[in-house]
Amino acid sequence: NIYILGRDERFYTMYKIDYADNVIYSQQISSNDTLKYLRFRDFDIENGKVAILANTNTESLTLVNQIINSNAGNEVPVITKLAANGSILQSTYFNTNVNFGNARKLFGSKIFLQNDDIYLFGEADVSAQIPVVGTQVYNLSPNNSMNLFGAKVNSSNTLVNSTFLSNYKE
């Protein structure tokens, strides 16, 4: 099968096509708001399932199996997981309930799907207050700003580990 991702500033569409050029499915994820954006960053495929990472500032996404009861901010990561048939298994913000205004405080960069678990990596400001779950790899000192983070969401859509991985001064 072939996977094709079409994208715009406000939506992206994942197409699954067989080798005879028949469309098996197409699934569109949209911000539903013409003044907001949904920027695709990365995707990964495993056994027909697809994990998609985008960043957004919209608060109007349709959420399914949220891992964090949260809202949007500026460049907040959005995780979407599709079943092999294209149905949405999960669509969730990866954010705390902190209002960042127009500041870029949390940004998803890379997503991996392995053994049906999702691994997410990106950058977060100390003030982003990502949820620290499981073993904390790095203790942050309050005078540092942008930091790398990593998170794991298991196949049951539960956040099992989330931690800062490094810190550095800008």
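Here is a short talk about the strands, rings and cores of this chain.

Author: This is a predicted model, where local features need pLDDT of at least 70, side-chain atom pairs count only at pLDDT 80 or more, and totals for chains, interfaces and linings use all residues. Residues are numbered from 1 along each chain as its sequence is written, and side-chain values use heavy atoms, with hydrogens and water left out.

Reader: What makes up the secondary structure of the protein chain?

Author: The chain has zero helices and eleven strands. Both kinds of element are DSSP runs numbered from the N terminus: helices are H or I with at least four residues, strands are E with at least two.

Reader: Why are strands E8 and E9 called paired?

Author: Two strands pair if DSSP finds at least two bridges between them. E8 (residues 106-114) and E9 (residues 117-125) are joined by eight bridges and run antiparallel, so they count as a pair.

Reader: What joins E9 to E10?

Author: Eight bridges again, with E9 and E10 (residues 146-153) running antiparallel. Here Phe 121 stands opposite Gly 150 in E10.

Reader: How do you know that Phe 112 and Phe 121 form an edge-to-face pair?

Author: Let's start with the search of the whole structure, which finds three aromatic pairs. In one of them, Phe 40 and Phe 43 are 6.1 Å centre to centre with 50° between the planes. Rings of Phe, Tyr and Trp (its six-membered ring) pair if their centres lie within 6.5 Å; planes under 30 degrees apart count as stacked, over 60 as edge-to-face and the rest as tilted, so this pair is tilted. Phe 112 and Phe 121 are also listed at 6.1 Å centre to centre, but with 70° between the planes, so the name edge-to-face applies.

Reader: Why is Phe 40 called buried?

Author: Buried means under 20% relative accessible area, exposed over 50%, and partly exposed in between (1.4 Å probe, protein chains only). Phe 40 has 16%, so it counts as buried. Phe 43 has 28%, so it counts as partly exposed. Phe 112 at 35% is partly exposed, and so is Phe 121 at 32%. Over the protein chain, buried residues make up 48% of the 170 residues.

Reader: What makes Ala 84 partly exposed, and which residues does it touch?

Author: Ala 84 has a relative accessible area of 34%, so it belongs in the partly exposed class. Ala 84 is found in the loop between strand E6 (76-82) and strand E7 (88-93). Contact means heavy atoms within 4.5 Å. Not counting residues up to four places away in sequence, Ala 84 touches Lys 16, Tyr 25, Asn 47, Gly 48 and Lys 49. The C-alpha atoms of Ala 84 and Tyr 25 are separated by 9.3 Å, although these residues are 59 residues apart along the chain.

Reader: What makes a nonpolar core, and which residues touch the most other members of the largest one?

Author: A nonpolar core is a set of buried Ala, Val, Leu, Ile, Met, Phe, Trp, Tyr and Cys residues joined through side-chain atoms within 4.5 Å. The largest has 18 residues, and Phe 94 and Phe 149 touch the most other members. Strand E5 (49-56), E8, E9, E10 and strand E11 (159-164) each supply at least two residues of this core. Apart from it lies another core of 16 residues, among them Ile 29, Val 78, Leu 82 and Tyr 93.
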